[in-house]
Amino acid sequence: MERVPILKIGDILLVSIQVDMSDQTAIQLQEDLAERIVATGCHGVIIDITALDIVDSFVGRMLSTIASISKVLDAETVVVGMRPAVAITLVELGLSLNGIRTALNVERGMELIAATRGDDGGVAFDDDEDADPTATP
């Protein structure tokens with residue numbers, strides 16, 4: 001059975017689904033992710049579904065369940081990289097994905113979690129590489 005990797009980036013767990021999600025893989029992901037949220041104390045989960053061409057009703061429910069589990073464990077969930085065909089399919093299936101916020105890409109997902117938490121999400125981005133580190137703001 002394939003496992004979906006879960007990476008820790010600052011205060012966020014990044015799940016990049018690169019395989020077709022079988023029912024068993026989806027259930028294992030739920031368990032693995034819940035354990036990692038507790039173990040790391042992360043407050044954000046980003047699920048990147050860019051590689052998914054098709055989402056069936058089970059995977060849609062799985063995403064919703066992951067968001068619910070994460071919320072109970074004090075972590076916000078954002079799904080990123082949804083293709084238009086996947087969005088259309090989810091709507092046609094009647095899956096509203098309650099509790100799941102979406103963003104176009106990982107960077108925007110991280111910004112959304114940071115805005116929700118009222119901080120930088122534990123990840124520092126230095127946009128001004130030429131700034132004088134001794135200068136006062």
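Modeller: Residues 24 or more positions apart account for 73% of the contacts in the chain with a separation of 6 or more, where a contact means heavy atoms within 4.5 Å. The model is predicted, so local features are given at a pLDDT of at least 70 and side-chain atom pairs at pLDDT 80 or more, while totals for chains, interfaces and linings use all residues. Residues are numbered from 1 along each chain as its sequence is written, and side-chain values use heavy atoms, with hydrogens and water left out.

The chain has four helices and five strands, arranged along the sequence as β-β-α-β-α-β-α-β-α. These elements are DSSP runs numbered from the N terminus: helices are H or I runs of at least four residues, and strands are E runs of at least two. Of the 137 residues, 39% count as buried. Buried means under 20% relative accessible area, exposed means over 50%, and partly exposed lies in between, with a 1.4 Å probe and protein chains only.

Helix α1 has 18 residues and spans 26 Å from its first C-alpha to its last, close to the 26 Å expected at 1.5 Å a residue. The expected span is 1.5 Å times one less than the number of residues in the helix. Just after α1, G41 adopts a positive phi of about 70°.

Which residues of α1 are buried? They are T25, A26, Q28, L29, Q30, D32, L33 and I37. An α-helix has 3.6 residues a turn, so residues three or four places apart point the same way. Among the elements that cover the buried residues of α1 are β1 (6-9), β2, β3 and α2.

In soluble globular proteins, nonpolar side chains tend to be buried together.

Leaving out residues up to four places away in sequence, V15 touches V4, P5, I6, L29, L33, I46, I47 and D48.

The side chains of R3 and D32 form a salt bridge at 2.9 Å, N to O. R3 lies in the segment before β1 and D32 in helix α1, so this pair ties together parts that are 29 residues apart in sequence. The term salt bridge means a side-chain nitrogen of Lys or Arg within 4 Å of a carboxyl oxygen of Asp or Glu. Are the two partners buried or exposed? R3 is exposed, at 52% relative accessibility, whereas D32 is buried, at 14%.

The structure holds three salt bridges. Another joins the side chains of D53 and R83 at 3.2 Å, N to O. D53 lies in the loop between β3 and α2 and R83 in the loop between β4 and α3, so the pair ties together parts that are 30 residues apart in sequence. A further salt bridge, at 2.7 Å from N to O, joins K71 and E76; K71 is exposed at 53% relative accessibility, and E76 is buried at 16%.

Together with V72 and L73, V38 forms a nonpolar surface patch of about 290 Å² of accessible area. Patches are made of residues with over 30% relative accessible area and no salt bridge; like charges are joined within 9 Å, and nonpolar side chains (Val, Leu, Ile, Met, Phe, Trp, Tyr) within 5 Å. Accessible areas come from the Shrake-Rupley method with a 1.4 Å probe, and for residues only the protein chains shown count as cover.
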